[in-house]
Every structure is written in structure tokens, then in C-alpha cells.
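Here is a briefing on a two-chain model. Look at the structure first, then work through the points by topic.

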Amino acid sequence: MPDTPPYTEFSGNRATGYVAAPHTATIINLAIRLGRPLLVEGEAGCGKTRLASAIAEELGIDLTVMTVKSTSQARDLLYRFDALRRLQDAQDPANRSARQVHPYIDLEPLGHAIREGRPQVVLIDEVDKADIDFPNDLLDVLDRFEFDIEDLPRTEDDACRQARGFGRHVTGPEGGVRPIVLITSNREKQLPEPFLRRCLYVQLDFPADQPGMLADIVRKNLDARSEQISDELITGAVERLCRIRERGRELGMQKLPATSELVDWVRVLHWQGRKAEAVSVDSLDAVDQAVLFKVRQDIERYRARTDDEAGR
Amino acid sequence: MSHTLPPLLLGLFRELKAHGVPVGVRDYLDGIEALRLGFGHGDRAALRDLAVALWGRSDEERRLISRWFDVLPAPDGALTDAIHASLSALDTHDSDGTSPSGTAPPPGRGSSSGAAPPVRPPPVEADAQAAEARAAMARVAFAAAREGSGLPIPRLATTPQIGEDYVLIPQPLVSPRDLAVLWRRYRRSTRHGPRTELDLAATLRERCRRGLLCQPVCRPRRSNSARLLILADASPSMDPWRPFLATLAESLPLGRLGQAEVHYFNNLPRRQLFATPGLAKAAERDEILRRHAGAGLLVVSDAGSARGVLNRRRALQTATFLEDARKFCPTAVWLNPMPRSRWAGTTAGLIADGPVRMLPLDAAHLLRAIDILRGNK
């Protein structure tokens, strides 16, 4: 590892369309400097995934995204062995390449990132969707930033290195740089303790107590889409959304509206030519409800409460 | 490069260790490295945030760290000012170009206006003074009276903040994840189902035999065919362990077992078993046992030890049930959530002397229980 830091400092507010809290930016800088993966948790719609693109954009480096599926295995992020194609090729006696394994091995995004050793952001999205063994299998790779291609026979190590540029043991080049690794989780499954210990942790909360920052977030998102919307509408919508969330929390809603819903809502209000003052928290119309709430029970509960209060 | 940093945060680190937080030496070294890189400087809150980011992974751990900082005595104002003055003077001196590389002064330290410009000391002496002053500053501000100590000390001299120290959070006895991992140890790996996996050896044989390959040979995937029947006591004496029973039921689908079911009973598995902990949806006990013939049997019940009563009739009936059940389920184990010391003189004590092994409910004995279910007596 070189002595001078390969990454510039992340301030959290220079990317288009994203504002990170100062505390979050500090933890991200800490993770970058210590070379540790960063686990990002928080309620849905608070910008966990977009944080990765904001870091990449601000630091001017590439972003590699890997979305985890319920069937994903740690190996799928590193490399792929195409056994079927090899079997198919083996049918042709003239095809001599099928006698070796290495032409059928391809590195996957994380494998590439480790091998290239250049500054970049690697996002492993929704790690909790995979099986409970997945984070454990990934632990060692993220710790040492090297891995073995177990499907490649040791006898083909040199041949593979010459033909493909990587051997059985894949590691970064001399003087290479560790990528910044971000892992997001929705807490669907509990993550193993050693994995949590290895990562630095950041919780993205909805900044309900910072209306100024919320308005900034909305403004940045709208600027990125080149939409001009008045400040009165934005601040009015922010204030109302905070009240809706407060009420939603009292009602025990499953999914409270968050930042992404707020941005959509402001745009909808703008398109409809409505003013924020005209929106009453007590009587949201069907469009507002469709934009803000994602669960049917939540809509029903909110409606019942507002009807109750209105004495209907 | 030599580090002259004092053992900052050592007291906190030891306290976390003493509370069973699984932090290691590497985490501590990362803390030292972060301090060296300039994180956590400035004030106590910044250092606390750094400690939380590095070492706090659950709400409980974050609270532990915050509390440690809250109860630290405030540093002596006059002494801190003096150290600040001397440090800022040295910083001015460092910026003249005599500072060794890599030991940049931490950001955020304000310069003291009242400090008289000191006579410039020789460089080596200046470095030593700087290190000494920083060490003193660190001890006074952060580690204070408890530096070097580690064991949790009862601290009720000051009134704890209500809402901070006495927030009781229910902690699961065993997490669903740990239970799922346990179930995965209960394996009987067999191949069955649709032929979806390539059988390479058979494919090669076929190729050699015919001289050409029409289609690859497939075989069923390996899967776990281990089956488990859990009978859980849902009587009022088991109320404290209701959350555990819920976790148990929740973890089963994650365990990748061939077949796994939980049924409930009240005190003793009589003729009927129930599908819910509220003892609803009854089904014939013998029918259920017949359906699970060959599966492992796990019984979870305090067997009267929670109330400390001895009921010979219940013990006899339980023994008869276990005898009947073992005709269908050759491997059986009993988990009793009460500690072993409370079994003697109760119905549990009598049942524990029977042929079915009774184990207390903790991580080590859960492992043992799985071992017994796998057939290792």
C-alpha cells in the first residue's frame, strides 16, 4: 500500500443529487483510510445505494455495482467457470482449447476490482438477501483482497497467467490500491458477528430534525433533473412530510415515507400545480397517498385515523 | 516510524472486553491508526463518535461506549489550558518545517491567544516535549482516572440519566441466525428430486462407451433429508421462554432441513398436540408421530422445574409418552430452559433420569442436542 492516501477526502455535498450528513462523511473517510469495508444500513428510501454513486462521483472514480440475489454465492462475485461451454466445445475433436480449464474462467466484477488494484468504488447491494453463509464466505476476501480460483487446476497456473493475465491466486498488482467497498443491508437477515466486526458501520437515518438538509437534498435531486421548483413548495412539502412521518410512527406504519418519496412527492405537487399550503396532512388525496405510502395496510390505517379525527 | 501515542482509549477498550464485546487487538490497532490519521481529535464527542464507529455494532454497545464517556470526570480546566497553550506553541514551531513527516498536528485544535511566544528549543527537545504534552493532554481529557483499569466498576455516585442507563431491551436467548446455523449441522445428505445436476463421471463414461455424446447425464442434487419434529411446552410456566419458542419456529425455515415442524402441548404431550403456541388447531398426537416416523424428536419444556414441583404422576405419564415416541423417533433429546441446578427434586429430575437425555438451554448444550439428534450418543 502506498503511504500517500490514494483517495481524496469525501465531503458529502459535492455530488449532484446527494447530500451526506457530516457524521456519515467522517465515517466514510475513516473506512477509506483504514481500508475497511463499510456496511450501510437504514430504512428503505434513505439513499443507501445512492451513497456509493455519490462517493464515486465526488472522488472522480469508477463505480462497480453487484446486486446480491437470494441464490447468490460469494464465488459468483469473484469468478465464473463455464462448464457447459467447455462440455460443448469438447464435442469437437478439433477444438483443443477444451482440454484446458482456463479459457472457460472469467472474472466477475469483484474479482476484476481486486485484480486491477485501481481506485474505484465497489457496491455490494442488499447483502442480506443472500443465504446466511454468504457474508461469511465473503469475509476473508474483503479482509485480504485476494482469492483463489478453486476450479482452476494448479497445473494450469502458469498457462492461465500467460493467456489471461491472472493465475490461480488472484491478487492486486504491486503498489495497487484497495477499492472502496460499500455493502448495503436492509436487515432482512441478521449478519454474522465477525462480518459486522470487520466492517465499519454507518446508519443512514431520515434527517427529520434537519428540515434545512432535507430541503437541500430535494433541491439537489431536482437540479440533477434540471427541474425548477420554487423554494416555498419544497420547504412546505418537507414540513408536511415530517408531520406525516410523525403521525405514521404513532400509527406503527410498516414503511414510513423517506427521502425518495419526498422527492417524488415534490415533483408530483409541482406537476399538478398545487401549493404546499393547500395540502392538508389530515386529508391527503389518493395521488398523495399513492406516492407516499407503499403498503396497503399503511394507507388504510392513515385514512382511518384522519377520518376519525374529522369525525367522519 | 515510531509512535509516541499514549494508550488512548485503552480503558474503554478493556471495559468493552470485560462486557464481552468481541473486539480484538486488530480493532484496537485500527483505533490507534485512526487517531494517527487525525480522526477523533478536537473534543470528547469526536473521540466518542470515533469509538462508536469503530467498535459499536449494536445499540447496547453504542450505549456502553457513550456511558463510558459520560461518566469520565471533566478535565482540570487550568491544566488543559496550559497544555493547549504549550501544544499550540509547539504546533507553530512544527509548521516552521521541523515537524517529522507523518505526525501532522490533529485538526480542530484552536490556538490559545494568551500564550506568550516561547523561546525556540532545539528540534529534538521540541519533539520530546510535544509528545509528552500530547500524552498528558490525552490522559487528562480522555482516559482520566480509569486509564489502565478495565473491569466494570459499579458507579452509582452520580445519578444516572433516566432513559439512558435503565432502558431494558429484551435480548434473545439465541438469535434466529445462530439457531439456523445449528439446524444446518443436523444433516443427512442424500440425492433426490429432479435430475438437475451434471454427473461428470457418468457423462464421460457415456462418451467413452458410445464414442459421441448425445446429451449430458444428469443426477439429482444433494439435499438434506434430515427431518425434525419439535414438541414445545406452551403452558404458563414456559411464559418467560415464549420469545425463544417463537425464535425456534422462525429459524426452522432457514435451517434447510428436509422436513421440520413444531407442535405445542400443555405441560405434557397428551392425546392431542396443537399447531399454535395459543394451543389452537388440535391434531392427534399419534397421527403426528406416525407422520414423522424416523425424524429426530426435540422436546422443549421445563417439566415442572420452573415452579419447583414434584408430580410423580406427570413424570410417569411423560415417561410413557417418551417410550411411545421413541418407537417412531429413534433419536430424541429434551431441552429444559431452567438451569440444571433447579431440576433436582422436581418432575424434571425424574424425567432426566430416564432414557431421553435432558439438557439445559445454552449454546454449548444446543450443539450437544444436535449431536444427539444426529445419532451420536
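The largest nonpolar core has 91 residues, and L38(A), I55(A) and L182(A) touch the most other members. A nonpolar core is a set of buried Ala, Val, Leu, Ile, Met, Phe, Trp, Tyr and Cys residues joined through C-beta atoms within 7 Å. A residue is buried if 20 or more other C-beta atoms lie within 10 Å of its own, exposed if 12 or fewer, and partly exposed in between, with C-beta atoms placed from the backbone. This is a predicted model: local features need pLDDT of at least 70, side-chain atom pairs count only at pLDDT 80 or more, and totals for chains, interfaces and linings use all residues. Residues are numbered from 1 along each chain as its sequence is written, while chains are lettered from A and ligands numbered from 1 in the order in which they are written.

- Helices (H or I, at least four residues) and strands (E, at least two) are DSSP runs, numbered from the N terminus.
- L38(A) touches I28(A), A31(A), V181(A), L182(A), I183(A), C199(A), L200(A) and V202(A), leaving out residues up to four places away in sequence. Two residues are in contact if their C-beta atoms, placed from the backbone, lie within 7 Å.
- A second, separate core has 48 residues, including I230(B), L257(B), I351(B) and V356(B).
- In soluble globular proteins, nonpolar side chains tend to be buried together.

**The two chains**

- Chain A has 13 helices and 9 strands. Of its 312 residues, 35% count as buried.
- Chain B also comes to 13 helices and 9 strands. Buried residues make up 27% of its 377 residues.
- Take the contacts in chain A between residues at least 6 apart in sequence: 78% join residues at least 24 apart.
- For chain B, residues 24 or more positions apart account for 73% of the contacts with a separation of 6 or more.

**Where the chains meet**

- 19 residues of chain B are in contact with 16 residues of chain A.
- On the chain B side, the elements that give two or more residues are α2 (25-36), α3 (44-55) and α7 (176-185).
- That side has 12 nonpolar, 1 polar and 6 charged residues. Here Ala, Val, Leu, Ile, Met, Phe, Trp, Tyr, Cys and Pro count as nonpolar, Asp, Glu, Lys and Arg as charged, and the others, Gly among them, as polar.

**Helix pairs**

- In chain A, α10 (residues 231-250) and α11 (residues 259-271) pack at an angle of about 130 degrees, with their axes 10 Å apart. Axes are lines fitted to C-alpha atoms, for helices over the stretch in contact, and angles run from 0 to 180 degrees between N-to-C directions.
- α10(A) and α11(A) are therefore oblique to each other. Angles under 35 degrees count as roughly parallel, over 145 as roughly antiparallel, 65 to 115 as roughly perpendicular and the rest as oblique.
- L233(A), I234(A), A237(A), V238(A) and L241(A) of α10(A) make the contact with L262(A), W265(A), V266(A), L269(A) and H270(A) of α11(A). By class, this contact has 9 nonpolar, 1 polar and no charged residues.
- In chain B, α2(B) and α3(B) pack at an angle of about 145 degrees, with their axes 10 Å apart.
- D27(B), D30(B), G31(B) and A34(B) in α2(B) meet L50(B), L54(B) and W55(B) in α3(B). These residues divide into 4 nonpolar, 1 polar and 2 charged.

- E126(A) is not a glycine, yet has a positive phi of about 60 degrees. E126(A) sits in the loop between β5 (120-125) and α6 (134-144) of chain A. With 20 C-beta neighbours inside 10 Å, E126(A) counts as buried.
- N267(B) is not a glycine either, and has a positive phi of about 65 degrees. N267(B) lies in the loop between β4 (259-265) and β5 (272-274) of chain B. N267(B) is buried, with 20 other C-beta atoms within 10 Å.
- Most residues other than glycine have a negative phi.
- A46(B) lies in helix α3 of chain B. A46(B) is partly exposed, with 16 other C-beta atoms within 10 Å.
- P103(A) is in the loop between α4 (83-90) and β4 (105-107) of chain A. The C-alpha atoms of P103(A) and R86(A), 17 residues apart along the chain, are separated by 8.6 Å.
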